[in-house]
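Let's take a walk through a protein complex together.

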Amino acid sequence: MNAARFVMAERLANGLKERRAELGLTQAELAERVGVTRKTVNTVENGVFTPSTTLAIKLSQALGLSVEQLFWIER
Amino acid sequence: MTDRNVADRAEYLSRRRARMLPVLAILLIMQQGSFFSSHPGADRAVDQLKISAWLVLSAVILLALWTGGSWLQPRRVRELLNDEATQVHRTQAFRVAFLASMMGCIFLYFLTMFTRVETREAIHIILTIGLSAALISFGVLERRALRDG
């Protein structure tokens, strides 16, 4: 029996948008802080793009949270 | 150039690139008309010039897709234009292009069972399919990412 068949779909969720709003930052301002384009921040926020570990750490530092507080796995 | 100016410039160029990519693909496909309308022979200087233009355009597009392009922009703008999401989009576009090229090869193989296909014709078709697929795919991914700001 194929074990992979029983693996549940996982998705990396994040609280980027909420935290950014709390701090009163625009996507462009956050992008500037972490050295990416607004487009990349937008795709991470919308869950379209899964960031690398490096970018996840940079985003967490820029927003003053730990990586685990900002990103979590949804099943 | 201040950080804000660099970001604004990268944003502007990123949007322009997303708009231009499908247009480039259409231009590349339209150029095939020059090759196939002048075939066979293509001995006239004007035909050779058209074919050379297609080859140069194909080489420039391939190089731009591979390196990220925007060679005349400052280094900081170039880096932003090829940030993480863009690199992933380019990689995905190359995957689509590879699949499209392979499917083109399969199609041509079957075609040769029924009709004669010249080597140059086959090269034209495969190269155009691959590059067009990469351009369209990259363009679609970029436009989607730029939406819903």
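This is a predicted model: local features need pLDDT of at least 70, side-chain atom pairs count only at pLDDT 80 or more; totals for chains, interfaces and linings use all residues.

For the complex, the predictor gives an ipTM of 0.79 and a pTM of 0.85. For chain B, the mean pLDDT is 88, and 93% of the residues in that chain reach 70 or more.

Let's start with chain B. Of the 149 residues in chain B, 24% count as buried. Now look at contacts in chain B with a separation of 6 or more: residues 24 or more positions apart account for 77% of them.

One spot in chain B deserves a stop. B:Ser70 sits in the loop between helix H2 (45-67) and H3 of chain B. Phi of B:Ser70 is near 50°, which is a positive value in a residue other than glycine.

Over to chain A, where helix H2 covers residues 27-34. Buried residues in this helix include A:Leu30, A:Ala31, A:Glu32 and A:Val34. After H2(A) comes A:Gly35, with a positive phi near 75°.

H2(A) also has a helix partner to look at. Two packed helices are described by the angle between their axes and the distance between the axes. For H2(A) and H4(A), the axes come within 9 Å and cross at roughly 115°. The crossing of H2(A) with H4(A) is right-handed. Which residues meet there? From H2(A) come A:Leu30, A:Arg33 and A:Val34, and they meet A:Leu55, A:Lys58, A:Leu59 and A:Ala62 of H4(A). Sorted by type, the residues of this contact are five nonpolar, no polar and two charged.

Next, see where the chains touch. The contact takes 17 residues from chain A and 14 residues from chain B. On the chain B side, the elements that give two or more residues are helix H1 (3-38), helix H4 (84-111) and helix H5 (119-146). H1(B) supplies the largest share of that side, five residues. By type, the chain B side divides into seven nonpolar, two polar and five charged residues.

In soluble globular proteins, nonpolar side chains tend to be buried together. Here the largest nonpolar core has 35 residues, and those touching the most other members are A:Ala31, A:Val34, A:Leu59, B:Leu21, B:Ala134, B:Leu135 and B:Phe138. Chain A elements that give two or more residues to this core are H2, helix H3 (38-45) and helix H4 (53-63), and in chain B they are H1, helix H3 (75-81), H4 and H5. Which element gives the most? That is H5(B), with ten residues.

To see one member up close, click on B:Leu21. Leaving out residues up to four places away in sequence, B:Leu21 touches B:Leu135, B:Phe138 and B:Gly139.

Terms used
Residues are numbered from 1 along each chain as its sequence is written. Chains are lettered from A and ligands numbered from 1 in the order in which they are written. Two residues are in contact if their C-beta atoms, placed from the backbone, lie within 7 Å. Helices (H or I, at least four residues) and strands (E, at least two) are DSSP runs, numbered from the N terminus. Ala, Val, Leu, Ile, Met, Phe, Trp, Tyr, Cys and Pro count as nonpolar, Asp, Glu, Lys and Arg as charged, and the others, Gly among them, as polar. A residue is buried if 20 or more other C-beta atoms lie within 10 Å of its own, exposed if 12 or fewer, and partly exposed in between; C-beta atoms are placed from the backbone. A nonpolar core is a set of buried Ala, Val, Leu, Ile, Met, Phe, Trp, Tyr and Cys residues joined through C-beta atoms within 7 Å. Axes are lines fitted to C-alpha atoms, for helices over the stretch in contact, and angles run from 0 to 180 degrees between N-to-C directions. A crossing is left-handed if the near helix is turned anticlockwise from the far one by less than a right angle, and right-handed if clockwise. pLDDT is the predictor's confidence in each residue, from 0 to 100.
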